[in-house]
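Have the viewer open and follow along.

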Amino acid sequence: MNTDADDGWSLVVPLKPLARAKSRLAAATGALLRPRLALAFAQDTVVAALECPRVRDVAVVTDDPAAGRALSALGARIVADSPRAGLNAALAHGARSVRDARPAARVAALNADLPALRSAELARVLEAAAEFPRAFLADAAEIGTTFLSAGPGMELAPAFGGASRRRHLSSGAVEIRLTGVDSVRRDVDTGEDLAAALALGVGSRTAAHWDRAAG
């Protein structure tokens, strides 16, 4: 983790209450495993992000007490989802909380469901993002978005959800077109997504839950 107060990115990671998170995954995992996997995804995402040398800190926006405790123990700062008005309001709130402390911070929103995230691949995305006032990375399906950045003085202006790639393009954000960053693009909403993430190689927490379920 980068500790230089004048350098590094602050990442904002949104997480729904675990009881409601990853609802589309239940068909593949069952009702009991689904919330456990949702937390494991977030834990593996936060660990990989904090290990990235370009990341200064990670703010997780959540109202889930158990998730907050688990992610705080890993080094994330927990921001209460006080707007309680959906994903984009939570992200905007998280970005404001970062800039309350560091007004000139580079801020990026990052999905919480990237269990295969590699720190080196995230570093490449952040390096590319630093060249533009606002930039984003599309998900593996090239329909949604897994990453959105805003440089100093720029509002994050998140438009996540559904066909967000098109909305972020329309908002003026530059699309990052890199090869070899599959782990940053592989979010998990369905059983098929989970299989693809497992094929890439997931983090230890996701792997432990999945191995216990499969065994």
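In this predicted model, L33, R36, L37, A40, F41, Q43, D44 and V47 of helix α2 are in contact (heavy atoms within 4.5 Å) with S204, R205, T206, H209, W210 and A213 of helix α9. Sorted by class, the residues of that α2–α9 contact come out as seven nonpolar, four polar and three charged. Here Ala, Val, Leu, Ile, Met, Phe, Trp, Tyr, Cys and Pro count as nonpolar, Asp, Glu, Lys and Arg as charged, and the others, Gly among them, as polar.

A bit of housekeeping: residues are numbered from 1 along each chain as its sequence is written. Since this is a prediction, local features need pLDDT of at least 70 and side-chain atom pairs count only at pLDDT 80 or more, while totals for chains, interfaces and linings use all residues; side-chain values use heavy atoms, with hydrogens and water left out.

**Helix packing**

- The axes of α2 (residues 33–50) and α9 (residues 204–214) come within 7 Å and cross at roughly 155 degrees; axes are lines fitted to C-alpha atoms, for helices over the stretch in contact, with angles running from 0 to 180 degrees between N-to-C directions.
- α2 and α9 are therefore roughly antiparallel to each other (over 145 degrees; under 35 counts as roughly parallel, 65 to 115 as roughly perpendicular and the rest as oblique).
- α2 also packs against helix α3 (residues 65–73), at an angle of about 25 degrees and with the axes 10 Å apart.
- That makes α2 and α3 roughly parallel.
- On the α2 side this contact uses L39, A42, Q43 and V46, and on the α3 side A67, A70 and L71.
- The α2–α3 contact has six nonpolar residues, one polar and no charged ones.
- Helices here are DSSP runs of H or I with at least four residues, strands are runs of E with at least two, and both are numbered from the N terminus.

**The sheet**

- Seven strands form an open sheet in the order β3-β2-β1-β4-β6-β5-β7, with mixed pairing; two strands pair if DSSP finds at least two bridges between them.
- At the edges sit β3 (77–79) and β7 (174–175), each pairing on one side only.
- β2 (residues 55–61) runs parallel to β3 over three bridges, and V61 stands opposite V79 in β3.
- β1 pairs with β2 in the parallel sense over six bridges, with L11 opposite V58 in β2.
- β1 also pairs with β4 (residues 106–110), again parallel, over four bridges; W9 has R106 of β4 as its bridge partner.
- β4 and β6 are antiparallel over four bridges, and L110 is partnered with F147 in β6.
- β5 (residues 134–138) and β6 are antiparallel over five bridges, with A138 bridging to T145 in β6.
- The β5–β6 hairpin has six residues between its strands, and E142 there takes a positive phi near 60 degrees.

**What's buried**

- Six of the six residues of β1 (residues 9–14) are buried, so β1 is largely enclosed by the rest of the structure; buried means under 20% relative accessible area, exposed over 50%, partly exposed in between (1.4 Å probe, protein chains only).
- Both faces of β1 are covered, with W9, L11 and V13 buried on one side and S10, V12 and P14 on the other.
- β6 (residues 145–150) is mostly covered too, with six of its six residues buried.
- S97 lies in helix α4 (residues 87–101) and counts as buried at 14% relative accessibility.
- Apart from neighbours within four places in sequence, S97 is in contact with R77 and V79.
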